[in-house]
Amino acid sequence: MDTVEKRVHAFVRVKPTADFAQDMIKFGRDNKSIDIYIKKDVKKGIVNNRQTDWSFRLDGVLHNASQELAYETVAEKLVSEALNGYNGTIMCYGQTGAGKTYTMTGATARYKHRGIIPRAIQQVLKATAHCVDRVITVRVSYLEIYNETLFDLLSTMTSSGTGDMQMAVVDCPQGVYVKGLSIHTVSHEEDALNLLFEGETNRVIAEHTLNKNSSRSHCIFTIYIESHFRVFSDVKRITSKINLIDLAGSERLSKTGSEGQVLKEATYINKSLSFLEQIIIALGDPKRDHIPFRQSKLTHVLKDSLGGNCNTVLVANICGEAVHVEETLSSLRFATRMKWMTTEPVINEMCDPEWMVKALEKEIIFLKQELAMHDSLVNRSSVSYDPLTEIQIADIKSQVQKYLEGSIDEVDIVNVRQVQEVFRQFKLLVSQQEQEVEARLRSKYALIDKNDFAAVAVAQKAGLVDVDGNVVGEIDGHDFGTGAAPFSSKHAGKKTKPRKTKEQSRKEGIGTSLSGKDLDALLQSKNQVITSTKDVDVKEGARNQDAANIDTQHSKPAPMRDSPQPSSPPSKLVAFEQFKKECGSEINRIFKENKSILLARKKRSSAVAQRINLIKREMEGIKEALGAQRQERWQQGEYVDEKGQIIIDEEEFLLIMKLKDLKKEYRSDYAELQDLKAEIQYCQHLVDQCRNKLVSEFEIWYNESFLIPKDVQDTLKPGGNIRPGMIPINRVMCLEEDVQDRFERMQEATLPACPDSVSFYNAKMKADQKHTYTRTMLSLEQMRKKPGLITATMKNKPPCFPHVT
């Protein structure tokens, strides 16, 4: 696929402040340039050649800009192109406290203050919901790089154990990915925002002089998009990803006053940002052959985003105060260097494996036909390139046996498949002979595996082997040796050499019919110690006794505790099926009915959409035919009646009438499609409401039935052991009154003007509930030892977080 180089876009966002240095920082009229002026220091004398003015030309300057304007300027086009298959990266860079996290994530207190990530999630999932001709799958991940170590911020949201896996950056032909990073599929905006807010709470933050909530790590939120057409789903798939990067701020230690752990974190941050700037400089130099991406984890992860197959946008966050002018200049220089870079974005298409298999099968058939044609030209018409039949395999086996016996001098071979079969037959014969030799040895000698430590220990006690596992020569006047069955290197059927006498064995210390070299090779190939059966029987009683002692020690049961452990509750999957049949049967029935109605509406909508597309294509064909008719009439000359109107033939008249009917039908079907979309949206809302209600009722039923111990239930009852004011009862075990109903009523009253904010506030409420629950559980754990409050069994209960599948 042809690639087109594109320049990296760089924007500057100025943090609003009351102490903005208007006399030092000037903006161009087109909002694309920024000039900085510094007065000369009189104390340094008359001769002072230090530069005092700078001018930077960028793609845009965002000063006093809202979050919505910032997103439309920086990210909206990039996200739209990502939906069409182009990779995208948005990176926020700047000094600490300049507003990078606010630009990227925003503030969760108010809906209009949300940042680039929540707005990108909304744009992607809205496009997914409104797309009719394609099936789009959206997944997300959240990576943190803290002190040159990779962390998965969403590891708490999965139970698959991926959080314990060692994470590493891996290069592959498709690009760079992080091994061990969990990726979560989302279908609704609320689900994605839940993951975002969960990851935000797991980030590492600290306080210093310039920022009370300073991010101490680099974070990368990635949105993966995969789509394929509904009609041609077996041809190709389009994939893309959007990397939304919130870099930690560069820090000048003389200003932040960092100490201890914060100082160590600042060192890692500045070091990784320095490596990042080196990469930017190297990518902007066309003479550089090697780019050191592996200098840090950050640059390695961003290998595809910097100068690769990606649309890249940089947002340089700066402060407008005069005291931070040096950091501002540094950020603007970095943005200017980023503009030197070029990328080569292409649409990421991959063919379906089944379709590729079919195409390759057709290619194989074609190549076989071409080979047959070439063979016929050189009089080799009897050659077959198909897999060998059983009769052909049997014939080759017979020829190989005759060749080994010396009956024939060569094996007939005409193609590669026969060559492979000949080698396979040789391999089978060698394996068969090895098995026969081993069977003979086992019939006359006892074989002890060197890896069987119990058997080796018994043999050492009996004196059969030494400490190193080597066979010794004689015990108790009886000879034994590493004996082997009679063996000859000649073909079977030849006479074997007689075994050595007992006296000869005593003299040589080893009784065997093999040479020392052959014996060593045989022993190494089998990795076993071979001892005489007669000598092993002498100590068989001691060996059995030791083995019995070992088995007794291993099979001895562990001492039982005084108090039995409580039985574990059933899995949520099993309990959920039970709940749907019993307490939640009515809600489940309503949910299924609404879902069936929704599926019927979607099916009807798809049929209407297909019919509209057919009508549209037919209308285009008629328009082309009419155009051809008019062109032909114009070339041949037009006829007019007495009133001056153009006379047309019957065929053109019929086309015009048919086009008129099709337009009428198109308008009718389009109106029906709009009505169906409205019905589908309403039905989807009902289905989601029923699903949420079903899951919330199940969580309450599951907690009350299985997770809360009986003593805790008694404690939570009126008149229990928890005194008023000590622990809020509506926070214990997440069994408070129905907050969701109150929140929905609040939404109906306060959010009619902005219905899109419902998912945002729902996700925020769930995140707040979970964190409140976590803090409550910690308080309960701290107070569990106090008499009359919470029993010690509470600590053995797993936490129950609401989870919707």
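**Labels and their cut-offs**

Mentor: Let me start with E265, which counts as buried at 4% relative accessibility. A word on the source: this is a predicted model, where local features need pLDDT of at least 70, side-chain atom pairs count only at pLDDT 80 or more, and totals for chains, interfaces and linings use all residues. Residues are numbered from 1 along each chain as its sequence is written, and side-chain values use heavy atoms, with hydrogens and water left out.

Trainee: Why is E265 called buried?

Mentor: Buried means under 20% relative accessible area, exposed over 50% and partly exposed in between (1.4 Å probe, protein chains only). E265 has 4%, so the label is buried.

Trainee: What makes R216 and E265 a salt bridge?

Mentor: The rule asks for a side-chain nitrogen of Lys or Arg within 4 Å of a carboxyl oxygen of Asp or Glu. Here the N to O distance is 2.8 Å, so the pair qualifies. The pair links distant parts of the chain, 49 residues apart: R216 is in the loop between β14 (214–215) and β15 (218–229), and E265 is in helix α7 (residues 260–284). Helices (H or I, at least four residues) and strands (E, at least two) are DSSP runs, numbered from the N terminus. R216 is buried too, at 1%.

Trainee: How do you know that R203 and D246 form a salt bridge?

Mentor: Their closest N and O atoms are 3.0 Å apart. R203 lies in the loop between α5 (189–201) and β13 (205–206) and D246 in strand β16 (residues 236–246), so the pair ties together parts 43 residues apart in sequence. R203 is buried at 8%, and D246 is buried at 2%.

Trainee: How many salt bridges does the rule give?

Mentor: The count comes to 22.

Trainee: Which residues does E327 touch, and why is E327 called buried?

Mentor: Contact means heavy atoms within 4.5 Å. Not counting residues up to four places away in sequence, E327 touches Q95, R252 and K255. E327 has a relative accessible area of 8%, so E327 is buried.
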